[in-house]
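Subject: Structure handover

Hello,

Here is the structure I promised. Please open it beside this email; my notes follow below.

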Amino acid sequence: MKFIAKKSQIVEALQNAAAVAERRQTIPILANLRIKAHKGSVEVTATDLEIQIQASSEVVSTEEEGETTVSARKMSELCRSLPDNEEISFSLSGGKLTVASKDFHADFSTISADDFPELEISEEQTSSLIGASVLKRILVKTSFSMASQDVRYYLNGLLLEFDNNEIKGVATDGHRLALASSKLENKEGLQLKQILPRKAVLELSKLLPQSEEAVELNVGASYFSVKSGNLQFSTKLIDGKYPDYEKVFPSGDPSSLKIEKEKLQLALSRASVLSNEKYRGVRFALSEGSLKLTANNPEQESAEEVLDVDYTGAPLEIGFNIGYLLDVLGSLETKDVELVFYGEDSSCIIKEPSSESEVYVIMPMRL
């Protein structure tokens, strides 16, 4: 194998692949990425046996076709550190991959590509096109509410639901829930519910471009893949039944509070300084036109702040986790936000005042 590529042609593919490669190295080859040189192009692949990324790019020239695997972290870090616009030559000889540029030379140890465990997807899949920015928004707006190491394994992921002409993303860790939805054009008849693993969601939300270009989705019973340009991302799905998230939404007589988002964010940030470091609780005391925030900690320290708000409901006292509130506020994009309360023992809904495309539910805390 021997080829020459400009740094700009290959560095992005190497970095994307390195993010997927398994760093814990329980199986050595999983810490490697596969580099395969074709005539006029190079293909880079990485996998951790659950997700896989495959990126191809044009190169300056290919003198000899071939393939090998090399450390994903070392290769991506090295190529990223080389000067921009530099031409880099790659040549495989005697089990060593030599990487050289104008004034630099390095030899990497390799493992044969014959042992590389590429994901083989043989099941029947349903294909669909969706705007890259639409899918990216769904993932970004909900992923922070996923659980990370919950014994209820299906919560360590994100539910992606297609229902005719609408797509929904739902994530919950049992204490909060995030739902984002978007209308789709010309998608009549597509009905799917699949759970994407946490790592796949986080990586895919970074990889997808913020553009209107369409990406191709392929969804099967146990696999999900996205193809965007020269990039293909595939993941195994979580096999489980996601809870009925509709039951999480509170019911009853709502009382709505509207406030400038930044004003509430700053007040919560101040309160968090003196909140209990373990539980991070804040008490809301609502009365007509007023919101009093109170936080305290075991050291007998406390913080209190009164904010003018748009609220005309009955007086109410309720506690929340400050971190959960700040996560939601950081995700919303409008100047003002709306918090809807259903009583002291019921969850609160947070959303943008004029939109239902993103809705967040936060359970109360006993303080």
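Helices and strands here are DSSP runs, numbered from the N terminus; a helix has at least four residues and a strand at least two. Please keep in mind that this is a predicted model.

**Overall**

The protein chain has six helices and 26 strands. Its C-alpha trace spans about 75 × 50 × 35 Å along the principal axes. Of the 367 residues, 51% are buried. Among contacts with a separation of 6 or more, 67% link residues 24 or more positions apart. The accessible surface is about 18000 Å². Carbon and sulfur atoms hold 44% of that surface. As for charge, the chain carries 40 positive and 57 negative charges.

**Gly-40**

Gly-40 sits in the loop between S2 and strand S3 (41–47). Its relative accessible area is 32%, so Gly-40 is partly exposed. Beyond its neighbours within four places in sequence, Gly-40 contacts Ser-57, Glu-58, Val-59 and Thr-62. Lys-74 is 34 residues away from Gly-40 in sequence. In space the two are 24 Å apart, C-alpha to C-alpha.

**Helix H2**

Lys-74 leads on to H2. At the start of this helix, a side-chain oxygen of Ser-71 comes to within 3.2 Å of the backbone nitrogen of Lys-74. H2 covers residues 72–81, and its buried residues are Ala-72, Met-75, Ser-76, Leu-78 and Cys-79. They lie on the same side of H2 because they cover an arc of only 165 degrees around the axis. What do the buried residues of H2 pack against? One partner is a helix, H1 (7–20). The others are strands: S2 (32–38), S6 (66–71), S7 (87–93), S8 (96–100) and S9 (105–111).

Ser-182 belongs to strand S13 (residues 176–183). Its relative accessibility is 17%, and buried means under 20%, so Ser-182 counts as buried. Leaving out residues up to four places away in sequence, Ser-182 touches Val-134, Arg-137, Ile-138, Asn-165, Glu-166 and Ile-167.

Ser-234 is in strand S17 (residues 231–236). Ser-234 is also buried, at 5% relative accessibility. Which residues does Ser-234 contact, leaving aside its neighbours within four places in sequence? They are Glu-50, Ile-51, Gln-52, Leu-119, Ile-121, Phe-224 and Ser-225. Take Phe-224 from that list. Ser-234 and Phe-224 are ten residues apart in sequence, and their C-alpha atoms are 5.8 Å apart.

**Positive phi in loops**

Two residues other than glycine are worth a look here.

- Arg-280 has phi near 50 degrees, a positive value. Arg-280 is in the loop between helix H5 (261–273) and strand S19 (281–287). At 31% relative accessibility, Arg-280 is partly exposed.
- Gln-300 has phi near 65 degrees, also positive. Gln-300 is in the loop between strand S20 (290–296) and strand S21 (302–308). Is Gln-300 buried or exposed? At 73% relative accessibility, Gln-300 counts as exposed.

Best wishes

How values were computed
Residues are numbered from 1 along each chain as its sequence is written. This is a predicted model: local features need pLDDT of at least 70, side-chain atom pairs count only at pLDDT 80 or more; totals for chains, interfaces and linings use all residues. Side-chain values use heavy atoms; hydrogens and water are left out. Buried means under 20% relative accessible area, exposed over 50%, partly exposed in between (1.4 Å probe, protein chains only). The arc is that of the directions from the helix axis to the C-beta atoms. Contact means heavy atoms within 4.5 Å. A polar contact is a pair of N or O atoms within 3.5 Å; within protein, one must be able to donate a hydrogen and the other to accept it, and residues adjacent in sequence count only if both atoms are side-chain atoms. Accessible areas come from the Shrake-Rupley method with a 1.4 Å probe; for residues, only the protein chains shown count as cover. Lys and Arg count as positive and Asp and Glu as negative; His and the chain ends are not counted. The place of a charge is taken as NZ of Lys, CZ of Arg, CG of Asp or CD of Glu.
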